[in-house]
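Please find below a short note for a colleague who is opening this structure for the first time.

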Amino acid sequence: MATPVPVLRLPKGPDPNSRGFDPNSPRFIALCRTSIPTSAAAESDPQQLQEEQHARSVLRESFLRCLLAMSNKKVRFHMHEKVNVEATFGASDIDVLNFQVSDLHTPIGVQKEALIRSQDVISFTFDV
């Protein structure tokens, strides 16, 4: 007699309008929430809301340009517990949750290729 194989059933398929996740799901809320909540004053004043959205878009564009400038450059990551590591920056995923790096120099050795979780990084610097 053949051994039965367990079936993994996902609770809900991806929603094509929300980048693969239901916007009300715990996963979406945990991974894709905004880091800066809209101020209460901006909700009542359309002009202030527009200014706040413009400021956010400028900050996002600056950050993405910074990531682009870091490509194939030596980067020093300052992480929690006063750990500093150096690596050659490769890329970031679309949600900026992970950084792909090469030749990661850590206190315990060198890793040829690695992913660094952005939640573990306090700041980073690179030479222009």
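1. The model is a predicted one. Its five strands make up an open sheet, ordered S4-S3-S2-S1-S5, with antiparallel pairing. At the edges are S4 (109-117) and S5, each of which pairs on one side only. From one strand to the next, the twist averages 35°.

2. Strand S1 (residues 74-79) and S2 run antiparallel and are joined by six bridges. One of the residues to look at here is Arg76, whose bridge partner in S2 is Glu86.

3. Helix H3 (residues 46-70) lies across S1, S2, S3 (98-106) and S5. Relative to S5, helix H3 runs at about 55°.

4. Thr88 belongs to strand S2, which spans residues 83-92. Is Thr88 buried or exposed? Its relative accessible area is 17%, and because the cut-off for buried is under 20%, Thr88 counts as buried. Its side chain makes a polar contact with the side chain of Lys74 at 3.4 Å. Apart from neighbours within four places in sequence, Thr88 has contacts with Asn72, Lys73, Lys74, Gln100, Val101, Ser102 and Asp103.

5. Asp127 sits in the segment that follows strand S5 (121-126). With a relative accessibility of 63%, Asp127 is exposed, because that term applies over 50%. Setting aside neighbours within four places in sequence, Asp127 is in contact with Lys73 and Lys74. Asp127 and Arg76 are separated by 51 residues in sequence, and their C-alpha atoms are 9.3 Å apart in space.

Notes. Residues are numbered from 1 along each chain as its sequence is written. This is a predicted model: local features need pLDDT of at least 70, side-chain atom pairs count only at pLDDT 80 or more; totals for chains, interfaces and linings use all residues. Side-chain values use heavy atoms; hydrogens and water are left out. Helices (H or I, at least four residues) and strands (E, at least two) are DSSP runs, numbered from the N terminus. Buried means under 20% relative accessible area, exposed over 50%, partly exposed in between (1.4 Å probe, protein chains only). A polar contact is a pair of N or O atoms within 3.5 Å; within protein, one must be able to donate a hydrogen and the other to accept it, and residues adjacent in sequence count only if both atoms are side-chain atoms. Contact means heavy atoms within 4.5 Å. Two strands pair if DSSP finds at least two bridges between them. Axes are lines fitted to C-alpha atoms, for helices over the stretch in contact, and angles run from 0 to 180 degrees between N-to-C directions.
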